[in-house]
Amino acid sequence: MDELEVKTISHKKLLNRLYKKEAPKFFETASFGFFVYLMTDLVLFASLFAVYAVLEGNTFGGPSGQQIFNLNNVLIETLALLTSSFTMGLAILSMKKGHRNKVLLYLVISFLLGAVFLTIEMNEFSHLISIGDSWRRSGFLSAFFVLVGTHGLHITVGLIWMAIMFFKVLKSGLSESNARRLTLMSMFWHFLDIVWIFIFTIVYLYGVLGL
Amino acid sequence: MSQIKSYNQHNKLEANFKTYLIGFILSLFFTLSAYFITIKHAFTKDTIIVLISLAAVIQFAIQLLFFLHLGKESRPRYRLLVFSIMLLIVLILVIGSLWIMSNLNHNMTIKQMEEYMVQQGNGGI
């Protein structure tokens, strides 16, 4: 099959190849390695959670979680990320049906919700730093900034990836490679939401309870 | 015939709008209930901690099943295997760290720590 033939393959044919007959196998094999990566990333987060749990009480005269956490903002963050994860799933469903414009729309929605999440988190961080409660203040704050900051860094990477995928789909449609990339990106995004469940519970809810 | 059957089975296992919606609504429910249980202080502290931890674990399972489609893969289930190993490592890592650190805290009083630091030439706390 030469290049010209690949380019002129009809959309229907491509869809058939990608999403009907060989679909489950295609997406499974294409994403297995990435799944393994996500699991190792989860081990990274688990070690940061362990560090946080150990250092949580070491406030060294500084503030505890109870004093610095604003649970309302955290709830908005959580809902934004959860909805973003959901719309990303809808983007994948639209991709499997071959609706390019819907994929673009859901990518934009997911991106905006992710941006809302990141903005609130950055505001929280800059507020804490401006009142002198940065990672240098105490062991608790160091662990807090490293754990939540690592998650925020992942979110930033996810947003950049999403922006790139938006223009890739805009330019070359739902090609085979774009379909694969979108699938991996959606897994990454769902994974970040899963990590956030535990940050929400262990860092913020436990923190507010004063555990 | 058997091919058609396995194809249909695959289609049934494929994700659709309904599974995503169910996952989303359930996650929303558990997030909000954990939040309100915490801010309302409706129960004793220990009960609240148990409840919100349970909500987190259930939400973890929900998102794995409905969003990451774990357990919907065809056999052999390599993903489930990798996931189980990850879970084992995570449990050893987290429980082990907490155990060791609490044991160290338990075995070292502040007086002992100060003596140790003086001995090391750091001048104590």
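Reader: Okay, how many residues of chain B and chain A are in contact with each other?
Author: In this predicted model, 45 residues of chain B are in contact with 44 residues of chain A.

Reader: And how much area do the two chains bury between them?
Author: About 4,200 Å² is buried between chain B and chain A, and 80% of that lies on carbon and sulfur atoms.

Reader: Which three residues of chain B supply more of that than any other three?
Author: B:Tyr35, B:Leu68 and B:Arg79 do, with 17% of the area that chain B buries against chain A.

Reader: What about salt bridges, how many are there across the interface?
Author: The rule finds 0 salt bridges between chain B and chain A. For polar contact, though, 6 residue pairs turn up across the interface.

Reader: Which helices of chain B supply at least two residues of the side that touches chain A?
Author: Helix 1 (2-13), helix 2 (17-40), helix 3 (45-66) and helix 4 (78-107) of chain B each do.

Reader: How do the residues on that side divide into nonpolar, polar and charged?
Author: The side of chain B that touches chain A has 30 nonpolar residues, 11 polar and 4 charged.

Reader: Switching topic: how many residues does the largest nonpolar core have?
Author: That core has 80 residues, and among those with the most contacts inside it are A:Phe69, A:Phe144 and A:Trp196. Chain B takes part too: its helix 2, helix 3 and helix 4 each give two or more residues to this core.

Reader: Which helix gives the largest share of this core?
Author: Helix 8 of chain A, with 22 residues. This helix spans 176-209.

Definitions and conventions: Residues numbered from 1 in each chain as written. Chains lettered and ligands numbered in written order. Predicted model: local features only at pLDDT ≥ 70, side-chain atom pairs only at ≥ 80, totals over all residues. Heavy atoms only, no water. Contact = heavy atoms within 4.5 Å. Buried area = accessible area lost by both parts, 1.4 Å probe. Salt bridge = Lys/Arg side-chain N within 4 Å of Asp/Glu carboxyl O. Polar contact = N/O pair within 3.5 Å; in protein donor to acceptor, adjacent residues only side chain to side chain. Helix = DSSP H or I, 4+ residues; strand = E, 2+ residues; numbered from the N terminus. Nonpolar A, V, L, I, M, F, W, Y, C, P; charged D, E, K, R; others polar. Core = buried A, V, L, I, M, F, W, Y, C linked by side-chain atoms within 4.5 Å. Buried < 20%, exposed > 50% of the residue type's maximum accessible area, 1.4 Å probe, protein only.
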